[in-house]
Amino acid sequence: MKRKDSDGNRDVQWTDRYKAAGVDIDAGNRFVERIKPFAKSTDRPGTMAGLGSFGALFDLKAAGYSDPILVSATDGVGTKLRLATDCDRHAGIGIDLVAMCVNDLVVQGAVPLFFLDYFATSKLDIERAAIVVESIAEGCRQAGCALIGGETAEMPGHYAPGDYDLAGFAVGAMERGDALTAESIRPGDVILGLASTGVHSNGYSLVRKIVADSGAKLDEPAPFDAARTLGEALLTPTRIYVRALLAALKTGRVKGLAHITGGGLDENIPRILPEGCDFEVDVTAWPRPAVFQWLQQAGEVSEREMTRTFNCGIGMAVVVDAASAGAVRGILEEHGETVFEIGRIIPSEG
């Protein structure tokens, strides 16, 4: 695009100058057109405008709410992104991004409604970025929420060539009075654990150090799974528990939910306990996935550090009274979850 300067005397290649500085506006526009079908595939009741506007609109009334309370969450993928870049495998990283946000919404009793992403890079690689956004759309479909907007930023000089960063923002809703406050949790209640798909999206700084120190190669068969490379195994996407948990919540029998992220079981379950309650978990109640056994052995990681750094095979904790445990477990299993009874609520000793 050519424009005259302020004196009207000569043509100036404004777009080319910006492109030479590292930002390609035309590539950004092509990228938006490329990803519009991905966003469209996530439409749900309440979705209004498509991509391309200055802001995204969502109709809460059309989504079925009469007196809604909004719940929001934001998160990233952490240094798992470094692993994805090193392996040049990006097809699941967007699922991780969505999972980290929507799993935090549902534990409060909220239904995820819509999602926005932020993708920043040194120079936009349309093909790779499209793979990432397509996986974000897949995560939204799994969660039943709409991908209604986002931001793509080229930032040459800020990011190293080939690197990118991701952030996600999810908004959900519940009817007033339906928040899951966990106030009804009492000693004697049962803790059900939902199986994780692997490391999920926490602890990857330690994971990467263990891989480097052990001499293991990301492109060679995993020491704990010869059917996959180590990179493939470590990049298994985070499980999205939304649909199963929403079904369980409809029974009215769920007292509390804890998303097991950074801090593990040790630090996430206490976040939902009322005063006077503590908890105990039997770590032999579920089979620890092989990836965690390898990480512990190869990294010489103590059991204490394992349980407060990694999920160790349990990605979500569900608190129910003992009489309801069987029924809630059945509903979760009907929705595809692998469920273990892993512990119970006990009186606090202060």
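**View 1. Lining of the second largest pocket.** The residues lining the second largest pocket divide into 12 nonpolar, three polar and six charged, where Ala, Val, Leu, Ile, Met, Phe, Trp, Tyr, Cys and Pro count as nonpolar, Asp, Glu, Lys and Arg as charged, and the others, Gly among them, as polar. The model is a predicted one, in which local features need pLDDT of at least 70 and side-chain atom pairs count only at pLDDT 80 or more, while totals for chains, interfaces and linings use all residues. Residues are numbered from 1 along each chain as its sequence is written, and side-chain values use heavy atoms, with hydrogens and water left out. Of the 21 residues in the lining, G109, V111, L246, L249 and K250 lie nearest the centre of this pocket, and its volume is about 480 Å³. A pocket is an open set of points on a 1 Å grid over the protein atoms alone, where a 1.4 Å probe fits, with protein on both sides within 12 Å along at least five of seven lines; lining residues have an atom within 4 Å of a point. Helix 8 (242-249) and strand 6 (164-175) each supply at least two residues of this lining, and helix 8 gives the largest share, five residues. Helices (H or I, at least four residues) and strands (E, at least two) are DSSP runs, numbered from the N terminus.

**View 2. Strand 6 and its partners.** Nine of the 12 residues of strand 6 are buried, so this strand is largely enclosed by the rest of the structure; buried means under 20% relative accessible area (1.4 Å probe, protein chains only). Strand 6 pairs in the antiparallel sense with strand 3 (residues 68-75) over eight bridges, V171 being the bridge partner of S72. Strand 4 (residues 111-121) also runs antiparallel to strand 6, joined by 10 bridges, and here F115 has A170 as its bridge partner. Two strands pair if DSSP finds at least two bridges between them.

View 3. The strands follow the order 10-12-7-13-11, with antiparallel pairing. Strand 10 (254-259) and strand 11 (277-281) stand at the edges, each with a single partner strand, so one side of each is left without a neighbour in the sheet. Within the sheet, strand 7 (residues 190-195) and strand 12 (residues 314-320) run antiparallel and are joined by six bridges, with V318 as the bridge partner of L192.

**View 4. C140 and C145.** C140 counts as buried because its relative accessibility is 0%. Its sulfur is 3.9 Å from the closest cysteine sulfur, in C145, which is too far for a bond. With a disulfide taken as a pair of cysteine sulfur atoms within 2.5 Å, the count comes to zero disulfides.

Notes. Buried means under 20% relative accessible area, exposed over 50%, partly exposed in between (1.4 Å probe, protein chains only). Grid points are joined across faces, edges and corners, and a volume is the space filled by probe spheres set on the points.
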